[in-house]
Amino acid sequence: MALDSATRVCEVALLSVHGLQRQRYERSHDGTGEHAETVLPMVDDVLRQADLEREQLTAVAFGQGPGGFTGLRVACGVAQGMAYALGLPVLPVVSLQAMAHAIDGDEAIRVVAQDARMGELYVAAYAQPESAAQGWQSLCEPMLISASDLPVWLARQQQQWGAIDIRLLGNASQAYPELQLLQLPGLVKHAQVLERAPAHAIADLAYLAWLRSEGVSPAQAAPLYVRDKVAFTTAEREQGQGGNPKARPVFEITRMQSSELGAVAEIEKRTQAHPWTVAQFEEAVAAGYEAWVIREADQVLGFYLLMVAPDLVHLLLISVRPESQRRGLGHQLLRHCEARAEQLGVEGVLLEVRPSNRNALDFYANRGFAQVGVRKGYYPNGPLGREDAWVMKKTLKPAGDA
């Protein structure tokens with residue numbers, strides 16, 4: 001059972017699978033502010049259509065967002081309540097990914113740009129799945145940008161992806177007609193207006209996730225809020241800030257400059273127990289290591305350092321300053337690292353991580369890295385002596401491969 005209330009239209013879809021046969025049952029209701037009253041009656045309607053009882057459900061999915069705050073909470077809360085009552089897992093599905101999954105086509109990349117109001121857009125990018133058992137794979141996780149920044153953001157992303165077939169989805173060009181110019185050849189070859197993620201696409205992606213045992217407990221289910229703030233506090237307004245907070249600027253990834261080594265070393269110092277020094281960074285850059293930073297305007301927010309070997313690249317360091325974490329910057333750096341590896345024609349990316357660093361292990365595992373070995377006593381660990389390192393690897397498809 002899939003629920004979606006991220007927009008003014010509330011939708012419910014039931015996916016019933018028997019062997020190779022699939023049947024879908026759907027209901028929708030167009031009415032802002034009426035989702036809480038209509039969603040459960042629609043659940044009952046599709047169950048009656050399918051001649052099923054709630055107790056026969058195996059999982060409950062919901063459109064996680066991004067979208068309207070109140071609407072997202074309705075779908076999440078109802079999914080949690082049903083799952084608690086029936087003892088089922090919950091499957092959160094990113095709404096922009098469901099939009100990428102919703103249509104047919106063989107383009108390499110789909111970019112979703114959805115109106116977030118206030119002159120802003122939710123944007124994300126997804127790559128063609130390698131098999132029918134996967135949904136469209138995340139290249140850039142959902143983020144919030146100004147509508148006027150979409151051409152710049154797309155151009156920078158395309159530099160990483162190369163000259164490939166891209167389809168633009170969503171309602172950005174409808175909400176901001178000036179963006180229709182993005183359909184010009186060379187930037188976006190195809191564009192298609194989609195108002196929302198259809199619930200049946202959420203159900204399809206949830207089913208694939210359920211097959212991979214990726215359901216979470218009801219307590220862990222949560223909406224995806226990409227916009228951090230929708231209004232200034234009273235104290236902020238008293239300081240002269242007015243209107244609505246702006247979307248975060250477009251981030252830029254560039255080669256590390258010598259003038260930035262101090263800022264990089266400071267980030268390293270604040271995020272690592274045994275940080276590299278400025279001198280060590282200088283030696284690494286002088287030795288020809290790949291060194292890149294992610295910046296917002298003139299401020300360095302994070303970096304990575306890469307050693308190139310004949311058949312793979314070794315990710316030595318990757319870090320984002322503490323106050324800029326949880327903004328998708330680490331994911332952007334890692335994607336850039338993988339793109340560089342593919343451009344260099346190597347087969348994969350190798351890295352080490354402390355087994356005690358659960359967040360880092362989950363971060364890499366969720367992005368396709370798998371443990372391939374252990375290095376005993378690799379990390380210093382203060383009074384505890386030394387700690388092992390887990391060696392993790394992600395196999396890539398080098399540029400030029402079919």
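Trainee: What is the strand order of the open sheet of 5 strands, and what kind of pairing does it have?

Mentor: In this predicted model, the order runs β3-β2-β1-β4-β5. The pairing is mixed.

Trainee: Why do β3 and β5 count as edge strands?

Mentor: Count their partners. β3 (21-30) and β5 (90-94) each have a single partner strand, so one side of each has no neighbour in the sheet. On average, neighbouring strands here are turned by 20° against each other, direction ignored.

Trainee: How do you know that β1 and β2 pair, and in which sense?

Mentor: Two strands pair if there are at least two bridges between them. β1 (residues 2-4) and β2 (residues 9-18) have 3 bridges, in the antiparallel sense. Aspartate 4 stands opposite glutamate 11 in β2.

Trainee: What holds paired strands together in general?

Mentor: Backbone hydrogen bonds, in either a parallel or an antiparallel arrangement.

Trainee: Which helices lie across β1, β4 and β5?

Mentor: Helix α2 (residues 69-86) lies across these strands and runs at about 160° to β4 (60-65). Helix α6 (residues 199-211) lies across β1, β2, β3, β4 and β5, at about 45° to β2.

Trainee: Why is strand β15 described as largely enclosed?

Mentor: Check each residue. In β15 (residues 348-353), 6 of the 6 residues are buried, so the rest of the structure largely encloses the strand. Gly348, Leu350 and Glu352 point one way, and Val349, Leu351 and Val353 the other way. All of them are buried.

Trainee: How do you know that β14 and β15 pair?

Mentor: Go back to the bridges. Pairing needs at least two, and β14 (residues 313-320) has 3 with β15, in the parallel sense. Valine 313 has valine 349 as its bridge partner in β15.

Trainee: What makes the peptide bond between glycine 65 and proline 66 cis or trans?

Mentor: Look at omega. It is about 10°, and the bond is cis. Proline 66 is in the loop between β4 and α2. Most peptide bonds are trans.

Trainee: Why do aspartate 51 and arginine 117 deserve a look at phi?

Mentor: Most residues other than glycine have a negative phi. Aspartate 51 has a positive phi, near 60°. Arginine 117 is not a glycine either, and its phi is positive too, about 65°. Aspartate 51 is in the loop between α1 and β4, whereas arginine 117 lies in strand β6.

Trainee: Are these two residues buried or exposed?

Mentor: Exposed means over 50%. Aspartate 51 has 68%, so it is exposed. Arginine 117 has 64%, so it is exposed as well.

Trainee: Which residues lie nearest the centre of the second largest pocket?

Mentor: Ala6, Thr7, Arg8, Gly68 and Arg117, out of 35 lining residues. The volume is about 880 Å³. α1 (35-50), α2, α3 (95-101) and β6 (109-117) each give at least two residues to the lining. By class, the lining has 14 nonpolar, 12 polar and 9 charged residues.

Trainee: What makes a space a cavity, and how many of 30 Å³ or more are there?

Mentor: In a cavity, a 1.4 Å probe fits but cannot get out. The search finds 1 of 30 Å³ or more. The largest cavity has a volume of about 30 Å³. Its lining is Cys140, Glu141, Pro142, Met143, Arg327, Gly328 and Gln332. Strand β8 (residues 137-146) supplies the largest share, 4 residues. The classes are 3 nonpolar, 2 polar and 2 charged.

How values were computed
Residues numbered from 1 in each chain as written. Predicted model: local features only at pLDDT ≥ 70, side-chain atom pairs only at ≥ 80, totals over all residues. Heavy atoms only, no water. Axes fitted to C-alpha atoms, helices over the stretch in contact; angles between N-to-C directions. Contact = heavy atoms within 4.5 Å. 1 Å grid on protein atoms, 1.4 Å probe; cavity = no way out; pocket = protein on both sides within 12 Å on 5 of 7 lines; lining within 4 Å. Points joined across faces, edges and corners; volume = space filled by probe spheres on them. Nonpolar A, V, L, I, M, F, W, Y, C, P; charged D, E, K, R; others polar. Buried < 20%, exposed > 50% of the residue type's maximum accessible area, 1.4 Å probe, protein only.
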